[in-house]
Amino acid sequence: MYYNSERLYLGIDGGGTKCKAVLIDDYHSILGIGVAGAGNPVYGLQKAKNSIVESALKALEAAQRNIPKLSGLQLNNIPAGLGLAGVNIPAFFSQIADWESPFHSQYLTTDLSVACLGAHNGTDGAVIVSGTGTCGFATVAGESFMLGGHGFPQGDKGSGAWFGMRAVQSVLLSMDRLGPQTRITHHLFNHLNTQSANDIISYVATKSPSKFAGLAHCVFQAAVEQDAIAQTILDEGVGYLENMADSLLAHDPPRLSFIGGMADTIKEFLSSELQEKLAKPIHPPEVGAALFAKNSIAK
């Protein structure tokens, strides 16, 4: 059955930090997984295309190692679902949609859409995503609702990039004696192996959101140590996510999941009331992208 390319589907979830691909069969079994660099076209169209192809090739090669019968299969034999951050902006959607990709066919949608499809196995539901960026999405009775997804630095509150940016801001204010001392400084110095403001600025200046996201842990480490500045940042970010949850739940989705690279770190700081409402995602977003391709073909 694995020679029949119509029964195999690639799913690709492209975010601001990484691009993850899976190859699945008709039974939604994962045959191979591949990971590459950032897949958000907002931060580089060609870089996103390269990451998409690289992750897909890695997923296919992993599947071929596990299943020798797939050895003759190539990307141009397999349909792909692409769920990408940034394509909610029409210009970037058009650029990817017009791309002559190496796949048999491609079906493009947002990363939010595939996250929701994966989390709820193609049924109605809502998701809050906190990774490099943040956004919320719900599908209920054929209607879709989106919150956030405005990008960094103008949006993405409660994301890894936002927490990292606030860490840098707090440390620089403290070093200039224009803000209170904070334990975030200790953790940032250790992470960057420097005590120089210029070195900190050089590390983040003109860098991608993923660079800032790599500093988010400094806030959480300091918050655990009861640092007041870190706790204030944490309260602001968590408060934003809880408000997003309230807005999504107002649409009465049957399930709500919290996903993304920051979800496990943040979850313990959410209110107990919200934690009780969260449902474990059934599939990751990349599987949702493969399901999007499968469903699109079936229409």
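Before I point at anything, let me give one definition: two strands are said to pair if DSSP finds at least two bridges between them. Please also keep in mind that what you see is a predicted model.

With that definition in hand, look at strand E7, residues 134-140, which pairs with E8 in the antiparallel sense over 6 bridges.

Two packed helices are described by the angle between their axes and the distance between the axes. For helix H3 (residues 111-119) and helix H12 (residues 285-298), the axes come within 7 Å and cross at roughly 95°. When we sort the contact of H3 with H12 by class, we count 7 nonpolar and 2 polar residues, and no charged ones.

Now let us turn to the other sheet I want to show, an open one of 5 strands in the order E3-E2-E1-E4-E5, again with mixed pairing. Its edge strands are strand E3 (30-36) and strand E5 (105-110), and each pairs on one side only.

How many residues of strand E1 are buried? In E1, residues 8-14, the count is 7 of 7, so that the strand is mostly covered. Both faces take part in this, with Leu 8, Leu 10, Ile 12 and Gly 14 buried on one side, and Tyr 9, Gly 11 and Asp 13 buried on the other.

E1 pairs with strand E2 (residues 19-25) in the antiparallel sense over 7 bridges, and a hairpin of 4 residues joins the two strands. Within this pairing, Tyr 9 has Ile 24 of E2 as its bridge partner. E1 also runs parallel to strand E4 (residues 79-84), to which 5 bridges join it, and there Asp 13 stands opposite Gly 83. E2, for its part, is joined to E3 by 6 bridges in an antiparallel run, where Ile 24 stands opposite Ile 30.

This sheet has helices across it as well. Helix H1 (residues 45-66) lies across E1, E2, E3 and E4, running at about 145° to E3, whereas helix H2 (residues 90-97) lies across E4 and E5, running at about 165° to E5.

I will finish with some single residues in loops. The peptide bond from Phe 152 to Pro 153 is cis, with omega near 10°, and Pro 153 has its place in the loop between E8 and helix H4 (160-175). Arg 177, although not a glycine, has a positive phi of about 60°; this residue is found in the loop between H4 and helix H5 (183-192).

Is Arg 177 buried or exposed? Its relative accessibility is 78%, and therefore Arg 177 counts as exposed. Asp 252, in the loop between H9 and E9, likewise has a positive phi of about 60° without being a glycine, and with a relative accessible area of 63% Asp 252 is exposed.

Lastly, Glu 225 is found in the loop between helix H8 (217-224) and H9, where this residue is partly exposed, at 36% relative accessible area. Leaving aside residues up to four places away in sequence, Glu 225 touches Arg 183 and His 187. Glu 225 and Arg 183 are 42 residues apart along the chain, and yet their C-alpha atoms are separated by 7.9 Å.

Methods. Residues numbered from 1 in each chain as written. Predicted model: local features only at pLDDT ≥ 70, side-chain atom pairs only at ≥ 80, totals over all residues. Heavy atoms only, no water. Buried < 20%, exposed > 50% of the residue type's maximum accessible area, 1.4 Å probe, protein only. Axes fitted to C-alpha atoms, helices over the stretch in contact; angles between N-to-C directions. Nonpolar A, V, L, I, M, F, W, Y, C, P; charged D, E, K, R; others polar. Contact = heavy atoms within 4.5 Å.
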